[in-house]
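Have a look at the sequence and the model below, and keep the viewer open while you read. We'll walk through it a piece at a time.

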Amino acid sequence: MAFTLSGDDVCQTALPTSIPNPYWVAFSPSSAKLAGITIGKNKLPEDQAWLAVLSGNQLNTSEHHFLNPIATVYSGHQFGVWAGQLGDGRAILLGDLAGQELQLKGAGKTRFSRMGDGRAVLRSSIREFLCSEAMHALGVPTTRALSVIGSDLPIRRETIETAAVCARLAPSFIRVGHFEHFAALQDRNRLKELADYLIASHYPECLKSAAPYLDLFRSICERNAKLVAQWQAFGFCHGVLNSDNISVLGLTMDYGPFGFLDQFQIDHICNHSDQGGRYAYHRQPQIMHWNMACLASAMIPLLSVNSNENEAQEQLRTALEAFPVTYAQAWQSLFRKKLGFVSSQDGDIALIERLLQAMHDSRIDFTNFFRSLGAINTKTSIQQINLRNDFIDRIAIDEWFTDYIERLKAESIADSDRKEGMNRVNPKYVLRNHLAQTAIELAQKKDFSEVNKLLMILESPFDEQPEHEAYSFAPPPNLPLVEVSCSS
Ligand code: AMP
Ligand code: MG
């Protein structure tokens, strides 16, 4: 059952506003399967009514009738500052589909639109669509994307662009910001209703606990700590880790100015609007921890029923302290795998850190380096390792490769088996910004072939796809940098 709470001020009935002459831009058969939508021969839904439904122009197909579309209220901290009430300003929850909530992003104004137009542009909708599906294929928890529907309706951003609606799926879109909202209003009843709903629907294991709310908090922290470790391991920068963009299911959500690292730079900032670098790559773990502290603070009233407020605070503080520990364990385990280590040894972390420092100093391509590392033969001499040639400080990297090969020998695993294992964790294909940009520019000219081709390639990110080799290349050095900002 979709998330609903009592009270009109919380979940507002929100009807989508139609768009003129909608057309398919992209569609994910894999998400359709998840939602139980039957696909026809043309790889689009068999029931053509879906085009109208997913564009917000109609509320029923032959099988489904979405009776009560809603927009929900939430608040949040944006760039570290309390922003007060926000809410689904351009997302409308249509209802449930096979246990997933179906949400239309960009389907027009809701009561929470504030100064916004309730719309999303084609560019950002394609980016969200592709990245949601790419992250899923990488094995990173994420909201999913079902479709992008375009329209020639003009939308004003820095320039005039055209409108699109991205249909998203998730078991729930509840955010840290939902908790913060009711905490800020000191509305303990709604806070409890929200937590009880979340436990019953998504964390049933907490029901058995003597302290269900504390356990709920612990589980949310654990999921998000593991999530951010995965982001780091794939070189993914979210770009806007405001508390209203943080899922309480530990899903990557609200794709905006995200980016996968091309050249490795530890303090890379992917969001052009983030001048202070609050959401830089290396700060993501710490920022997620900070967001969990916001959640802890919002949950104090829930825990202070059976204990006093000081005790509740103490319990939550202790639970919050587990975050960096869970994160570090997850990060270490992922990077050991990236380097092909099956066992754990004392010097591993120092070895990983030395490598990352050298990669940073020489701005090495993150995805391609790890992918190529799998091909190293423990019997070759260091001078024969081509990867070393990309590093500026040859002496340092040669020392590193010497130590790395020594370490690999301790694994007693055949080179070919190690390579196979490494290729299952080090992707060949990620959604690099320049690839998304090419697909977007063609789509803006009504050629959607590249969006759908990228979707297909990114659905198998760990496979060698010789015919698509060029999609694994780093961006050409003369290519102007794609700047992505909060404007979408
Ligand atoms: P975001 O930065 O996309 O996470 O959005 C932050 C808040 O602004 C959320 O409450 C959004 O619903 C709202 N918002 C963003 N863009 C628009 C828009 N074009 N129209 C209405 N609300 C918007
Ligand atoms: Mg958001």
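What follows is a short tour of a few spots in this structure. One thing to keep in mind from the start: this is a predicted model.

Let's begin with ligand 1. Which residues come nearest to ligand 1? Out of the 16 residues around it, those are Gly87, Gly89, Arg114, Asp117 and Gly118. The shell as a whole is made up of seven charged, seven polar and two nonpolar residues.

Now zoom in on the polar side-chain atoms facing ligand 1. Asp117 puts one 2.9 Å from a nitrogen atom of the ligand, and Arg157 has one 3.5 Å from a nitrogen atom of ligand 1. Asn245 goes for an oxygen atom of ligand 1 instead, at 3.0 Å. On its own, ligand 1 has 480 Å² of accessible area, and the protein covers 80% of that.

Next, find helix 11, which runs over residues 366-373. Six of its eight residues are buried, so the helix is largely enclosed by the rest of the structure. The buried ones are Phe366, Thr367, Phe369, Phe370, Arg371 and Leu373. And what do they pack against? Their partners are helix 6 (212-234), helix 9 (322-338), helix 10 (348-362), helix 12 (394-409) and helix 13 (415-423). At the start of helix 11, take a look at Asp365: a side-chain oxygen there reaches to within 2.9 Å of the backbone nitrogen of Asn368.

Gln284 sits in helix 7 (residues 284-303). With a relative accessible area of 0%, Gln284 is buried. Setting aside residues up to four places away in sequence, Gln284 touches a list of residues that includes Val228, Trp231, Gln232, Phe236 and Tyr279.

For a contrast, jump to Asp47, in the loop between helix 1 (29-34) and helix 2 (49-54). Asp47 has 22% relative accessibility, so this residue counts as partly exposed. Apart from neighbours within four places in sequence, Asp47 is in contact with Thr61, Ser62 and Glu63.

Terms used:
Residues are numbered from 1 along each chain as its sequence is written. Chains are lettered from A and ligands numbered from 1 in the order in which they are written. This is a predicted model: local features need pLDDT of at least 70, side-chain atom pairs count only at pLDDT 80 or more; totals for chains, interfaces and linings use all residues. Side-chain values use heavy atoms; hydrogens and water are left out. A residue is near a molecule or strand if one of its heavy atoms lies within 4 Å of it. A polar contact is a pair of N or O atoms within 3.5 Å; within protein, one must be able to donate a hydrogen and the other to accept it, and residues adjacent in sequence count only if both atoms are side-chain atoms. Accessible areas come from the Shrake-Rupley method with a 1.4 Å probe; for residues, only the protein chains shown count as cover. Ala, Val, Leu, Ile, Met, Phe, Trp, Tyr, Cys and Pro count as nonpolar, Asp, Glu, Lys and Arg as charged, and the others, Gly among them, as polar. Buried means under 20% relative accessible area, exposed over 50%, partly exposed in between (1.4 Å probe, protein chains only). Helices (H or I, at least four residues) and strands (E, at least two) are DSSP runs, numbered from the N terminus. Contact means heavy atoms within 4.5 Å.
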